[in-house]
Amino acid sequence: MTTTAKVAVVTGGASGIGEATARRFAQAGWTVVIADINAERGQAVAAEIAATGMRCDFHAMDVAVEADVERVAAAILTDHGAPAALVNSGGVLQNAVRVTTMDIAEFDRIIDINVRGTLLVSRAFGARMAEAGYGSIVNLCSLTTFHPWPQPAYGVSKAGLKMLTEIMAAELGPQGVRVNAVAPGYTLTPAMKQRIDRGERDPAAVIAKSALRRFVEPHEVAEAIYFLSSPAAAAITGTTLPIDCGWLVYTSYSAAAAQPA
């Protein structure tokens, strides 16, 4: 079992926020284990991190498949023991759609991956972390956690993750495990860039409605995740932290019926 460095397990670590998070932990000297359904990209990211001199393993895993999660978790726990950090970054997005016309199969798939997948992974590692008496779990919520959005499945999944975060924080806290979430705003991940290129997101509208007048960068979310997993956040559990360039506050402020002169 590796004992020379703290271990961070990052699902969805092959791209976007998950990749940025894996790189951030590695930069801080942690051993990183990436689990992702995209084996080709995941192996490439792991190799790039390993080339910097840090250990980084990769496991192909579909968070929506219980047997897959159990198999990979068992292998990681055998190799490394209980991780000091678990980041549930694996998830999928949704384009705007109405409840009355949404494909129910899409709803089921998003809930399976975003909510059930996070639950399965958290169960698989959380019990061993509790036995060890330490650790941090960070889940990935969203702006849709706080406000209604024309993404019924995605919004419901991210609102559900906030509640799951709070339940797990209460349940695992007495055993020394902290559980928090981050709620990224519009973040320039590869998936977001693809949606912009396809005309599915309006970048001008995002910028105009953000107090800081810009998108969030993946590495900025990774910094918050790393903070929540560090000793600096030792007294923080059960919270969901927005990282949105002020989108939440500005949209509310700018919607007021009366504006200052």
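This is a predicted model: local features need pLDDT of at least 70, side-chain atom pairs count only at pLDDT 80 or more; totals for chains, interfaces and linings use all residues.
Local features need pLDDT of at least 70, and side-chain atom pairs count only at pLDDT 80 or more, while totals for chains, interfaces and linings use all residues. Residues are numbered from 1 along each chain as its sequence is written, and side-chain values use heavy atoms, without hydrogens and water.

Start with the largest pocket. It holds about 1300 Å³ of space. A pocket here is an open set of points on a 1 Å grid over the protein atoms alone, where a 1.4 Å probe fits and protein lies on both sides within 12 Å along at least five of seven lines. Volume is the space filled by probe spheres set on the points, which are joined across faces, edges and corners. The lining has 48 residues, and Gly91, Val92, Leu93, Tyr154 and Ala191 are the closest to the pocket's centre. Lining residues have an atom within 4 Å of a point. Two or more residues each come from helix H1 (16-27), strand E2 (31-36), and helices H4 (104-132), H5 (152-172), H6 (190-197) and H7 (203-208). Helices (H or I, at least four residues) and strands (E, at least two) are DSSP runs, numbered from the N terminus. H6 gives the largest share, 5 residues. By class, the lining has 24 nonpolar, 15 polar and 9 charged residues. Ala, Val, Leu, Ile, Met, Phe, Trp, Tyr, Cys and Pro count as nonpolar, Asp, Glu, Lys and Arg as charged, and the others, Gly among them, as polar.

The second largest pocket has a volume of about 170 Å³. H4 and H5 each supply at least two of its lining residues. The largest share, 6 residues, is from H4. Among the lining residues are Leu119, Ser122, Gly126, Ala130, Leu164, Met168 and Leu172.

Axes are lines fitted to C-alpha atoms over the stretch in contact, and angles run from 0 to 180 degrees between N-to-C directions.

H1 and H2 (residues 39-50) form another pair. Their axes come within 11 Å and cross at roughly 20°. That makes H1 roughly parallel to H2. Glu19, Ala22, Arg23 and Ala26 of H1 meet Arg41, Val45, Glu48 and Ile49 of H2. This contact has 4 nonpolar, no polar and 4 charged residues.

How values were computed: Angles under 35 degrees count as roughly parallel, over 145 as roughly antiparallel, 65 to 115 as roughly perpendicular and the rest as oblique. Contact means heavy atoms within 4.5 Å.
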